[in-house]
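Thanks, everyone. Let's walk through the inside of this protein. Please look at the screen.

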Amino acid sequence: MYASREDIGYDFGDDSKVGSKPIKPNPNIDGGWAWMIVLSSFLVHILIMGSQMALGILNMEWLEEFNQSRGLTAWVSSLSMGITLIVGPFIGLFISMCGCRKTAIIGGMLNALGWILSSYASNVHYLFLTFGVTAGVGSGMVYLPAVVMVGQYFQKRRALAQGLSTTGTGFGAFLMTALLKYLCTEFGWRNAMFIQGAISLNLCVCGALMRPLSPRDVGNNQAKALSHSAETIKSNGVLSEELEKKEEATNEEVLDSVQHIEIGGKSRSGRNMYGLRILKTVSQLTVTVRKGFAIWYSSYFGAASLFTNRVFVAFIIWALFAYSSFVIPFIHLPEIVKQYNLSSQNNIFPLTSIIAIVHIFGKVILGIVSDLPCISTWNVFLMANFTLVTCILTLPLMQTYVSLAVVCALIGFSSGYFSLMPVVTEDLVGTKHLANAYGIIICANGISALLGPPFAGWIYDITHKYDFSFYISGLLYMVGIIFLLIQPCIQKKQPREKSTEEAQV
């Protein structure tokens, strides 16, 4: 169903050994509780990504309240968006050690705390810490598990499932824009942020819904999905099976030694038994941390790391330039509308709401199209990127409400490719390493989101126009797309040589 791996020209080896034994499918794969995971991820996208897309409302309030430059004030929104994504690789470590459910629940509490503390801000620099860092880290701890869990629970309809869950960004941008505008008008921006903090506690509920699959079910799903086989994962930069077996053997020896001490100490006093139980708990925790860190470290920095996959590296370069082109319109469109004296029309139907609504349909439609057997997910992804970069470059030329609305609608639809990013990443590295790999991708997106809006504000402070901001970000975006086009061609011309181990197999 997913032809994208072959289409991008990367050789993933022979999967003949996988699936040789009969596998009893888990009813929750592609059905059952899997749809609750989609619901949970959908709500996460509403509360996190939707809220961040509506920060243009608060940005205008902060400009009036603190009377700072547009470039400095834009750093608040950029820090929140950027850190949410930049912490992805480190959240992958948390997921390896604690699992998605615990990581998401802790993140939900941290995000709510950031919103509430921000309501007491006395200056922009205070917001950098409370809203940018605190709420941003909390958002990242919920966002990555929400994406990873959908990838684990779905095999046949991954693109559709990711598309449905990520439509929460569009719904959220539309709902949160209206909600924040109403709250700011009725209660002021400080009370609005306090109320939003209380609403964000629902992220903990979303995290509680992320019921983990057993390791066997995750392995079965990976084996049946069109992802790497065990041999392919070894050759393409992931921990080899032998290393994992050695790690597990060492872990079992540590726990067995503690259990023998506990059995031998049954005749001792209750105080000693209590100490042994504490020692056993600490040992188990140490084993979990060591194993999680070993997998995380090997994926990023080991000799066989994810960075040995050249197409994946090109994907990272693309991500470094892409996201700012989508974020800049959301942050600065309210100001652009005011410059063109279109506020009365924009108040009736905001341009950001047009992007948000069409964004919903874009994600679902692109997800359905990508799931068709005759369609390549990779090609759909590239075509959507070309459409989006064209819209970014032409947006400054539009100075009427109707023309801006048309371009914003195209931006919303083409940016639906966000739902395909986890699918493309999974095709490149496999289900098992989706958390670490996607963490790298959203980290690159985070750097783009972090620098984009302040850069646009800084350009405006110099030129008193936003035109050059869109032109420069659009050209950088085009550079990223060119990397995606060139690297697969190089892979086809220079096929990967098989290692000695693969030859023996």
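Start with a term: buried means under 20% relative accessible area, exposed means over 50%, and partly exposed is in between, using a 1.4 Å probe and protein chains only. This is a predicted model: local features need pLDDT of at least 70, side-chain atom pairs count only at pLDDT 80 or more, and totals for chains, interfaces and linings use all residues. Residues are numbered from 1 along each chain as its sequence is written, and side-chain values use heavy atoms, with hydrogens and water left out.

First, Ser78. Is Ser78 buried or exposed? Ser78 counts as buried because its relative accessibility is 0%. Ser78 sits in helix α4, residues 70-86. Helices here are DSSP runs of H or I, at least four residues, numbered from the N terminus. What does Ser78 touch? Ile83, Ala449, Leu450, Pro453 and Pro454, leaving aside residues up to four places away in sequence. Contact means heavy atoms within 4.5 Å.

Next, Trp318. Leaving aside residues up to four places away in sequence, Trp318 touches Phe381, Asn385, Tyr417, Met421, Tyr477, Gly480, Ile481 and Leu484.

Now the core. A nonpolar core is a set of buried Ala, Val, Leu, Ile, Met, Phe, Trp, Tyr and Cys residues joined through side-chain atoms within 4.5 Å. The largest one has 121 residues. Trp318 and Tyr417 have the most contacts inside it. Helix α7, residues 124-153, gives the most to this core: 15 residues.

That's the tour. Thank you.

Conventions: Helices (H or I, at least four residues) and strands (E, at least two) are DSSP runs, numbered from the N terminus.
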